[in-house]
Amino acid sequence: MVKKSDVIEMEGEIVEVLPSQMFRVKLDNAEHEITCYTAGRLRQHKIRLVASDRVRVEMTPYDLTKGRITYRL
């Protein structure tokens with residue numbers, strides 16, 4: 001279990017929409033692209049995400065290639 005203090009939060013832009021609520025996000029600070037899924041609240045409230053949306057992403061320090069979209073900016 002990852003503690004809340006261990007989570008890395010970053011912002012980025014959705015580049016590609018993948019099947020089953022997955023997205024490819026390009027991060028702001030670097031040229032990294034990561035694969036993300038939507039957090040529970042976004043699914044619960046049926047918030048739609050499309051390409052070129054700005055989002056806030058949470059990642060763990062253990063796997064920097066995957067993340068969770070927590071907020072649409």
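## A buried glutamate and its surroundings

Glu58 has a relative accessibility of 9%, so it counts as buried (buried means under 20% relative accessible area, exposed over 50%, partly exposed in between, with a 1.4 Å probe and protein chains only). This is a predicted model, in which local features need pLDDT of at least 70, side-chain atom pairs count only at pLDDT 80 or more, and totals for chains, interfaces and linings use all residues. Residues are numbered from 1 along each chain as its sequence is written, and side-chain values use heavy atoms, leaving out hydrogens and water.

Glu58 lies in strand E4 (strands are DSSP runs of E with at least two residues, helices runs of H or I with at least four, numbered from the N terminus). What does its side chain meet? The side chain of Glu58 makes a polar contact with the side chain of Arg68.

Let's look at the core. The largest nonpolar core has 13 residues, and Val57 is among those with the most contacts inside it. Such a core joins buried Ala, Val, Leu, Ile, Met, Phe, Trp, Tyr and Cys residues through side-chain atoms within 4.5 Å.

Not counting residues up to four places away in sequence, Val57 touches Ile8, Val25, Ile34 and Ile69, among others.

Now the whole chain: from the N terminus on, its elements run β-β-β-α-β-β. Of its 73 residues, 27% count as buried.

Technical notes
Contact means heavy atoms within 4.5 Å. A polar contact is a pair of N or O atoms within 3.5 Å; within protein, one must be able to donate a hydrogen and the other to accept it, and residues adjacent in sequence count only if both atoms are side-chain atoms.
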